[in-house]
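Please work through the following exercises on charged side-chain pairs with the sequence and the structure at hand. Each task is followed by a worked solution.

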Amino acid sequence: MRIKSGYRVREIAGENVVIMSGQAGVDMARVITLNDSSLLLWNNLMSLDFTVSDVERILLENYEVEKCVAAADAQKWVDKMQQAGLIE
């Protein structure tokens with residue numbers, strides 16, 4: 001899977017907001033914000049093909065967390081990104 005092209009993260013009023021480049025990004029009816037962990041994953045995975053295991057690895061490399069917690073959090077992140085239509 002990969003993050004869909006055309007999406008960018010911008011800091012707006014202290015929040016990391018996902019926006020779509022171009023005319024499609026004008027509709028602000030749906031705002032997607034990323035917390036620090038989500039932003040870390042986004043920045044590390046942008047433009048790459050990745051798996052849930054890759055997400056887990058990034059979490060383990062950057063946070064002191066048990067492997068089972070990182071695995072669960074990685075799956076949750078992927079699920080939420082898919083629900084938001086941000087990854088394919």
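**Exercise 1.** Is arginine 2 buried, partly exposed or exposed?

*Solution.* The model is a predicted one, in which local features need pLDDT of at least 70 and side-chain atom pairs count only at pLDDT 80 or more, while totals for chains, interfaces and linings use all residues. Residues are numbered from 1 along each chain as its sequence is written, and side-chain values use heavy atoms, with hydrogens and water left out. Buried means under 20% relative accessible area, exposed over 50%, and partly exposed in between (1.4 Å probe, protein chains only). Arginine 2 has a relative accessible area of 26% and is therefore partly exposed.

**Exercise 2.** Find the side chain that meets arginine 2 in a salt bridge, and locate both residues.

*Solution.* A salt bridge requires a side-chain nitrogen of Lys or Arg within 4 Å of a carboxyl oxygen of Asp or Glu. The partner is aspartate 49, at 3.0 Å from N to O. Aspartate 49 sits in the loop between helix H1 (36-45) and helix H2 (52-62), and arginine 2 in the segment before strand S1 (7-12), so that the pair links distant parts of the chain, 47 residues apart; helices (H or I, at least four residues) and strands (E, at least two) are DSSP runs, numbered from the N terminus.

**Exercise 3.** Which residue forms a salt bridge with lysine 67?

*Solution.* Glutamate 56 does, with the closest N and O atoms 2.6 Å apart. Because glutamate 56 lies in helix H2 and lysine 67 in helix H3 (residues 67-83), the pair ties together parts that are eleven residues apart in sequence. Glutamate 56 is buried at 11% relative accessible area, whereas lysine 67 is exposed at 55%.
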